[in-house]
Amino acid sequence: MSYEKKSRGLAVTPILLVLLIAALVGAIYFMLNSAPSANDGAVTTTSDQLPDNSFSINAVRVFDGQQVLENQTVLVRDGLIAAVGQALEIPADLQSIDGAGKTLLPGLIDSHVHLFGTARQDALRFGVTTAIDLFSDQSKLSDYRASREQLGQQNVADIYSAGSLITAPGGHGTQFGIPIPTLSNAADADAFVAARQAEGSDFIKVVYENGSEYDGSIATLDRATLQAVLAAARQRGLLSIVHVSTLEFAKHALQAGADGLAHVFSDLTADQELLDLARQHNAFVIATLAVQASVAGQSQIDRWLALPAVDQQLSQVQRNSLSSAFPNAYPDVIDTALRSVASLHAAGVRILAGSDAPNPGTAHGIGLHQELWWLTRAGLSPQQALRAATADVADVFGLSDRGRIAAGLRADMVLVEGNPLNDIDATVNIAGVWKNGYRIVRTNQLAAPVQTAAAEKYAANLLADFESNDIGDSQSGWQVTTDQMLGGQSEAVLEKRVEELSGNNAGDNANGYLHVSGQIRSGSMFPWAGAITFVAPEPMAPVDASDIKVLRFRARGQPGDYQLMVFSGGQDNTMPALQQITLGSDWQTHEIDLNKVGGVELKRLKAFAWVAGSGHSEFVFDLDEVELQ
Amino acid sequence: MNTLTVRHQWAIHCQETWSEWLRLIRIPMFALPTLLFPWMFYAFFGVMFGRGAGNAEYLMVSYGAFGVIGPALFGFGVGVASDRQQGLLQLKRVLPMPMSAYFIAKIGICLMFSVLILLGLACIAVLMGGVRLELGQWLLLMLILLIGTLPFCAMGLFIGLHSNSQSAPAIINLLYLPMAFLSGLWIPVFVLPVILQKIAVVFPAYHLAQLALSVIGKHQGQPLSGHVLILLLYTGIFLLLAGLAWRRLRDR
């Protein structure tokens, strides 16, 4: 080999090397951008489309938790508020929402609820993105924690919870038929508080109540035990909230170092001694006026039921809870409570908005709006009332990622029509609720069936051959559905695919199809994950489809049993009808006679979902040519 | 050199391959882990602890990729390094044997080990995991994974030419094991945190796994040509780098 040849080779090799490396970097960059986005639960669509948790709201009035800012732009990126300001440049790729004439509030925080049933969904539908639970089932505490720490899509409110409460044997809190641990003497106080902390309580709720206010007598912690409990909580760094009903007991609690009261007392109006104590200890008071009004037999439910925006969003459970009443009315309670809140507020004591839902006369979600109105009746301005349901709660409970509209915080927000800073009733005129930057689907709970005139529309809508690029369209297209809405952890990803590797039986010319893949994880009573499509353009709106008989679709999948869920009926929380479908690895046409699926109400047809259930772990199936006939 | 007939050439290549095979199969430190680890890992994580046939199928493919990368990296990396250190490489170069026989033998052995690994995995998958694929899928999978060893042979060669027999196994393990994990060969890539999923795209092992997974329709949906291109580029780059090192060695 000549030297000439060798030296030329040596000169060329590094150049070639640099070229190849440049090509490699380019190729990797390309692949990175064509990688499907992996946001939890998000609908995966084409690569250049931003996920739903990035958007901007323009020309909107912002109540940031403390101040009112006019004509603002709010940028949300990946579920977090990226910027708030007046002359912000809006990136062209960002979906923008017109906020003119509307007011953007931080996601509301209800400082006093008891979780039950569908509380977390019901709260969120009314803009309550976080709730402070003052006693419920302590076994859920770790779920609450996991849920509020993640930034994925969820349609339930986040929860901070006291877990089980601290009460005497036979005391208030033991009457609900759920066995709870009780505390009988001061010596055990520290161990008892430690047990709550070990269970995962975010703070403690102490019951100091002898029933005297309500013509009764019930067992209560004695004063020494109360002091021991509060001392233990202080030492362990836990916030303490004490339930009291009387002025005297409120003073005892504050003297013992309570951080806050779970209710305003209602036997007597606050006196100077109490005001001094509260100020001195920098204590807060969760007013719970809505429930006090209900105790007084003056819940004024018709006020709220008369508002169409409320009426439409109340589930049957909320409606029942609102319309029920306490067995006995104590008419003086609300006036005393209002006067006390007024003087506490005037004295500079921090008042927080809490509904005590689902006590009679209140309900999850709407309860906080009732409370906001009652607070204005006690003399708070609408702005002060809203602070009591946003930034002030966040400050008291140390929630640094929420409660305000500011850059870097979680995009939990409520957009309302009008200006609640002038008229507090405007808080119920909700134009949009975002949780973790994802817009919540708010279904009209009263929705009457769409008239048959719209029938052609839905037929055209549902007929999906996956040839056009339509699966990610949030209006009429296909979406992910998983058990995450019931606290599960299963996941699914939708993807429009075109038949490529296997040439066999791709169908005529039609070779686009919906590819559904995901993972079933335990953690929910009924695990599921898959794809859902709505019959009406609006999600979960019922359509009169009585002229329809058959649902036909082509499918294949990892061989096994899957479920077809058929959603129908007038109420939001109706369980879907289930039809088992068996898929094989080859395409097969399935015909479902909808009249034979038990529990389908064709007059109010809402949605179809194809899902994998508890028998699966990781699953894959494909859908094509879905039509109704 | 031109005096060798085709028949001679063939015989030399076969001889060299056979002796390479004998050499490696007699080093349990190479043969056992390379064969047993993929089988064991797959049997444990893919079949016994994973639930459902979907996992077994997915992981059979990803452990297949894990399996074939091993002999390529170790066979070439450690093999070349120790040949070089013991002077065997120099000896072979002065022999009238064409140098291609040396490389063909190494590639051939790497493929033989790969076939053994894949057959073992397939047996576990079919017998214990209930995995069922069409004949065409089995063959295509085998083909992709065998051809897919080439970039790793090139990487192994590059490492072998730059390290000695003591350091080569360490270097290769440092590369091989994290790369396998980050490319989603042990647990599916979509289970990894999003940031790791993004990082995965850098590794050739990810692209090989994605190509192989496309046979069972479980790839992540990026263009297949992109995976092929990146694997080719990796092969080219490491071959060039190895070529430079080889020339330095020769000129010395």
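Which residues of chain B make a nonpolar surface patch of about 890 Å²? The patch is made by B:Leu32, B:Leu36, B:Phe37, B:Met40, B:Phe44, B:Phe45, B:Met48, B:Leu127 and B:Met128. This is a predicted model, in which local features need pLDDT of at least 70 and side-chain atom pairs count only at pLDDT 80 or more, while totals for chains, interfaces and linings use all residues. Residues are numbered from 1 along each chain as its sequence is written, chains are lettered from A and ligands numbered from 1 in the order in which they are written, and side-chain values use heavy atoms, with hydrogens and water left out.

A patch here consists of residues with over 30% relative accessible area and no salt bridge, like charges being joined within 9 Å and nonpolar side chains (Val, Leu, Ile, Met, Phe, Trp, Tyr) within 5 Å; a salt bridge is a side-chain nitrogen of Lys or Arg within 4 Å of a carboxyl oxygen of Asp or Glu. Accessible areas come from the Shrake-Rupley method with a 1.4 Å probe, and for residues only the protein chains shown count as cover. Helix 2 (residues 28-48) of chain B gives the most to the patch, with 7 residues, whereas B:Leu127 is found in helix 5 (residues 99-127) of chain B. B:Leu127 counts as exposed because its relative accessibility is 71%, where exposed means over 50%, buried under 20% and partly exposed in between.

Chain A has 16 helices and 26 strands, both taken as DSSP runs numbered from the N terminus (helices H or I, at least four residues; strands E, at least two). Buried residues make up 55% of its 629 residues, and its accessible surface comes to about 24900 Å², of which 51% belongs to carbon and sulfur atoms.

Within chain A, strand 25 (residues 605-612) is mostly covered, with 8 of its 8 residues buried. Strand 20 (residues 529-534) of chain A runs antiparallel to strand 25 and is joined to it by 6 bridges, with A:Ala607 as the bridge partner of A:Phe534; strands pair if DSSP finds at least two bridges between them. Strand 22 (residues 560-568) of chain A also pairs with strand 25 in the antiparallel sense over 6 bridges, and there A:Val566 stands opposite A:Phe608.

Elsewhere in chain A, A:Arg303 lies in helix 9 (residues 301-305) and counts as partly exposed because its relative accessibility is 25%. Leaving aside neighbours within four places in sequence, A:Arg303 is in contact (heavy atoms within 4.5 Å) with A:Trp373 and A:Asp425.

Key. Buried means under 20% relative accessible area, exposed over 50%, partly exposed in between (1.4 Å probe, protein chains only).
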